[in-house]
Amino acid sequence: MDWDKLRIFHAVADAGSLTHAGDTLHLSQSAVSRQIRALEESFNTTLFHRHARGLILTEQGELLFDATKSMNKRLDTAAARIKDSEEEAFGELRVTTTTGFGTLWLAPRLPKLYELYPDLKIDLMLEERVLDLPMREADVAIRMKEPSQADLIRKRLMSVRMRLYATPAYLADCGTPNELDDLADHRLICQSLTSTQVAAGATMVQHLLTHDVQSLFTVNNYFGVLQGVLNNLGVGVLPNYVTDDFPDLVRVLPEVESSEVPVFLAYPEELRQSKRISAFRDFVQDEIIAHRRKIRDSAAANAQI
């Protein structure tokens, strides 16, 4: 199929005139006419009825015009996605991250992002599997370790540590552990050692289990661990970012925590100029900066008391 002939046909059908279409395309009327005749010959049909008032599409011409209108619309959409807007971010953005971070930290903040960019369409993919960004399985990723894939732009966002938390109600009923051996009298809620998780979290759980823990509840993601903690099931191993949205949780055994887990944002090099990517990246960074400021202000206020 000759795309150039289809482009000329679309212009003629849209204008209803060879002359007007030629003006739009910067072609002579005779050149436009030759292309239309060639297209009609290739289809072995008549696409236009020719009248003194101009050109009217035949039934076959209407079918082809519907197709070219659809093609034009899709091409315009594709061009917009490729270029992005210089003024605003819009279109689909496929974001991948872990189930825990996505449900506990990112998703609760997305309303703010939509307020800033109402034309964005976020497709949030929550899974522990590392998606292939260069192969465009996703546009941007937030991961709990530095990505190893080539041709990625990567930025370290923050650090996370796994700590022990419980509700005030649970501690009032069951007591507060003062040392690790006291965990033998409590139910430990944590990710299963067989589930995919950061090495620092698994190492911490392995260490805790050496202290004669009698009762155990395991889940394959931190969202499930949090639900167990909030429902007073026991003492849970959770990433410290959960305290942002659940400030009533009490940290148990404050000296116990995992090693530092770096959090990285990454996206393909080819999307460096994407407004959708930059809007999302800047939003996440601003949220992290606001959180750090909140922690500093809270620490300063407590120091004055």
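## The ground rules

A nonpolar core is a set of buried Ala, Val, Leu, Ile, Met, Phe, Trp, Tyr and Cys residues joined through side-chain atoms within 4.5 Å. Buried means under 20% relative accessible area, exposed means over 50%, and partly exposed lies in between, with a 1.4 Å probe and protein chains only.

What you see is a predicted model, in which local features need pLDDT of at least 70 and side-chain atom pairs count only at pLDDT 80 or more, while totals for chains, interfaces and linings use all residues. Residues are numbered from 1 along each chain as its sequence is written, and side-chain values use heavy atoms, with hydrogens and water left out.

In soluble globular proteins, nonpolar side chains tend to be buried together. Here the largest nonpolar core has 60 residues, and the members that touch the most others are I142, L164, L208, V237, L238 and F280. Which helix gives the most to this core? That is helix α10 (residues 275-304), with six residues. Helices (H or I, at least four residues) and strands (E, at least two) are DSSP runs, numbered from the N terminus.

Take L238 and look at what surrounds it. Contact means heavy atoms within 4.5 Å. Beyond its neighbours within four places in sequence, L238 is in contact with R161, M162, R163, Y165, Y222, V225, L226, V229 and L249. There is also a second, separate core of 18 residues, with L6, I8, L25 and L55 among them.

## Helices and what covers them

Helix α5 (residues 99-106) is mostly covered, as seven of its eight residues are buried. These are T99, G100, F101, G102, L104, W105 and L106.

In helix α8, the buried residues are A200, G201, A202, M204, V205 and L208.

L113 sits in helix α6 (residues 110-116). Is L113 buried or exposed? With a relative accessibility of 1%, L113 counts as buried. Not counting residues up to four places away in sequence, L113 touches L120, I122, A279, F280 and F283. L113 and F283 are 170 residues apart along the chain, and yet 6.8 Å separates their C-alpha atoms.

Helix α10 holds Q285, which counts as buried at 19% relative accessibility. Leaving aside neighbours within four places in sequence, Q285 is in contact with K155 and L157. D139 lies in the loop between β4 (120-126) and β5, and its relative accessibility of 0% makes it buried. Outside the four places on either side in sequence, D139 has contacts with E92, L93, R94, L133, A266, Y267, P268, L271, R276 and I277. The C-alpha atoms of D139 and W105, 34 residues apart along the chain, are separated by 19 Å.

## Cysteines without a bond

A disulfide is a covalent bond between the sulfur atoms of two cysteines. The rule used here asks for a pair of cysteine sulfur atoms within 2.5 Å, and by it the count comes to zero. C174 is partly exposed, at 41% relative accessible area, whereas C190 is buried, at 1%.

## The largest pocket

Rolling a probe the size of a water molecule over the atoms shows where empty space is left. On a 1 Å grid over the protein atoms alone, a pocket is an open set of points where a 1.4 Å probe fits, with protein on both sides within 12 Å along at least five of seven lines, and lining residues have an atom within 4 Å of a point. Grid points are joined across faces, edges and corners, and the volume is the space filled by probe spheres set on the points.

The largest pocket has a volume of about 490 Å³. Its lining has 30 residues, and T98, R143, M144, K145 and V198 are the closest to its centre. β5 (140-143), α8 (199-209) and β12 (261-268) each supply at least two residues of this lining.

R136, in the loop between β4 and β5, is not a glycine, although its phi is positive, about 65 degrees. R136 counts as partly exposed at 25% relative accessibility. D212, found in the loop between α8 and β9 (215-219), also has a positive phi, near 55 degrees, and is a residue other than glycine.
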